[in-house]
Amino acid sequence: MAFKQIGSLNPHGAPVMRRAIITDEVVSVLQDSIKLVSGFGSLGTGGVAVFGHVISHERADGVGVETSGAAGSQSGSYIGTYTASATNETVEKVVAVCDISKSTLYSAEVDAAIGTTTGSNLLGYNIDLIDEDTLDESSATTGTAQYFGWGVDSNNTAQAVVNIHESVVFGL
Amino acid sequence: MENRSSWTDLIAGVGLQIAEVFDLGQEEYMPGIGNVLTSTTGTGAERNFTGKTGLGELYEFEEGDDIPLRKRYKTYTTKVTYNNFGNGVQVTKNNIMDRDFDAQLDEMKDLSVAANFAQDKSGLQLFNGGFATTQKVNGYTMTFYNDGVPTFSTVHPTVVPGGSTQSNASSTSIAFGHDNLETAHVALIEQQTDDGIPLALMGKPRIVGAPALGREFREETESTLDPETAENAINVFTGGVMDVATSTHLAAANGGSDTAWFVIIPGRDKQYHEMRQAPVLESDVDILSKNVTFTVDARWANYVKDWRRKWASKGDATAYSS
């Protein structure tokens, strides 16, 4: 776990939930950052506009997946990680239900001690991903980046509080 | 947000047939901080506390001289503000309608447990944060006695001009044990007011610490003989001389210390858990999405009004001066 939803900037608080069929063979975990690639949901990478964060994995008919998706996995083996098959885009069409709201606040892990780079622990500095579940501490900048920083999480002082800044849906 | 996919196997007709769901939430630690803090209720946005010295004693004077005059002093003022605490969960309508195991998944029950747990955990941070002046301790804001030094300090200042500093902490961080408990007990008894007047002990001391010290605490308070010698010396701390309280919230694994130990006089140690607003459980339905939001919120403060009637050691044999 590296991103954790901790609240919302929206007084009504509701997430904005939308579905994205998972790209073939992608292994996604709850709370992972998701980007869109050729119409499908793939793991977020640095510098690419964010689609959202995974809330759940669902079958195409809207019910939760029962297995981890890995070949031969047993019923009941799903515990938050799903491995999409090689034909997911066209056959199984398992989706990642994502919260695409820019108002959702996350407590996020950073890849180095927070505050090492000027601004990574401060309000108003933006920061990029280093991979789908971790922020790149050294990318903190007052310029544009994927996430807007609110400073250190008071409940976990190793992590940063952020919300999506560069959204593929809502733009900057 | 929790939807049906969050609980696939607990949704009626989907996935495995689950025989039982055990609820870890019901097993959360709830010791009851009333054992180590005084629980009160408050009003307003903030409360301020201060103290005063007395006039000491009577002083001799010679025939024909004026009666000696003295002055009383106000102690440091501690400003207590209440903090907001809350938690919530959002659940889709389909999830609520389709799921089995409603009792285990009851959101209100889990939020109620969380509210009780948070009060217990936050209150114990007065001890974990007692060797520093940092107000935020393990996620909770504490208010310490406003004399500018830690609650457990070797140099508590006095408001009385010319008065001496006092200590209620071990400068060598002595470990818990028979002789060191006596050191602590004597130090506790000999604490003084800001103008240097001895205090009455009045009350049974209570030893407080992490579960890692639980065995030693019981040995020192329940053994007939001194557990640290083979000379059949009697144990003067047995027979209900002192109480014991341990809490997992004081453990090193939970942001505390497995060596630190405290001796307090409950009630007279002026450590408080004060409720401004008891936990309120609410729920509401979003008109468009039909998502249901469950919340709990409360306001309270944990604070220390004075450093007296308590004594502590970090217990790790390091030098401590703060």
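In this predicted model, chain A is divided into two domains, domain 1 covering residues 3–99 and domain 2 covering residues 104–164. Taken over C-alpha atoms, the centres of domain 1 of chain A and domain 2 of chain A are separated by 22 Å. Their contact takes 20 residues from domain 1 of chain A and 15 residues from domain 2 of chain A. On the domain 1 side of this contact, strand β1 (residues 3–8) of chain A gives the most, with 6 residues. The residues on that side of domain 1 of chain A divide into 7 nonpolar, 10 polar and 3 charged.

**Contact between the chains**

Chain A also touches chain B, and this contact takes 19 residues from chain A and 18 residues from chain B. By residue type, the side of chain A that touches chain B divides into 8 nonpolar, 8 polar and 3 charged.

**Strand pairing in chain A**

| Strand pair | Sense | Bridges |
|---|---|---|
| β4(A) (residues 33–37) and β6(A) | antiparallel | 2 bridges |
| β6(A) and β8(A) | antiparallel | 5 bridges |
| β9(A) (residues 104–108) and β14(A) (residues 156–164) | antiparallel | 3 bridges |
| β13(A) (residues 147–153) and β14(A) | antiparallel | 5 bridges |

Some residue partners can be named. Ile34(A) stands opposite Gly52(A) in β6(A), while Ser56(A) has Val97(A) in β8(A) as its bridge partner. Strand β14(A) provides Val162(A) as the bridge partner of Tyr106(A) and Asn156(A) as the bridge partner of Asp153(A). A hairpin is formed by β13(A) and β14(A), with 2 residues between them.

**A helix of chain B**

In chain B, helix α4 (residues 214–222) contains the buried residues Glu216(B), Phe217(B) and Glu220(B). These residues cover an arc of only 105° around the axis, which means that they lie on the same side of α4(B). The buried residues of α4(B) pack against α3 (178–189), β7 (206–209) and β8 (243–246) of chain B.

In soluble globular proteins, nonpolar side chains tend to be buried together. Here, the largest nonpolar core has 46 residues, and those with the most contacts inside it are Trp261(B), Phe262(B), Val263(B) and Ala312(B). The elements of chain B that each supply at least two residues of this core are α2 (107–128), β6 (140–143), α3, β7, β9 (261–264), β11 (292–304) and β12 (310–313). The largest share of the core, 6 residues, comes from β11(B).

Which residues are in contact with Trp261(B), leaving aside its neighbours within four places in sequence? They are Phe176(B), Ile207(B), Gly209(B), Leu213(B), Ala312(B), Ser313(B) and Gly315(B). Apart from this core lies another core, of 41 residues, among them Ile34(A), Phe40(A), Ile127(A) and Ile164(A).

Technical notes
Residues numbered from 1 in each chain as written. Chains lettered and ligands numbered in written order. Predicted model: local features only at pLDDT ≥ 70, side-chain atom pairs only at ≥ 80, totals over all residues. Domains from an automatic or database assignment. Contact = placed C-beta atoms within 7 Å. Helix = DSSP H or I, 4+ residues; strand = E, 2+ residues; numbered from the N terminus. Nonpolar A, V, L, I, M, F, W, Y, C, P; charged D, E, K, R; others polar. Pairing = 2+ DSSP bridges. Buried ≥ 20, exposed ≤ 12 C-beta atoms within 10 Å, placed from the backbone. Arc of directions from axis to C-beta. Core = buried A, V, L, I, M, F, W, Y, C linked by C-beta atoms within 7 Å.
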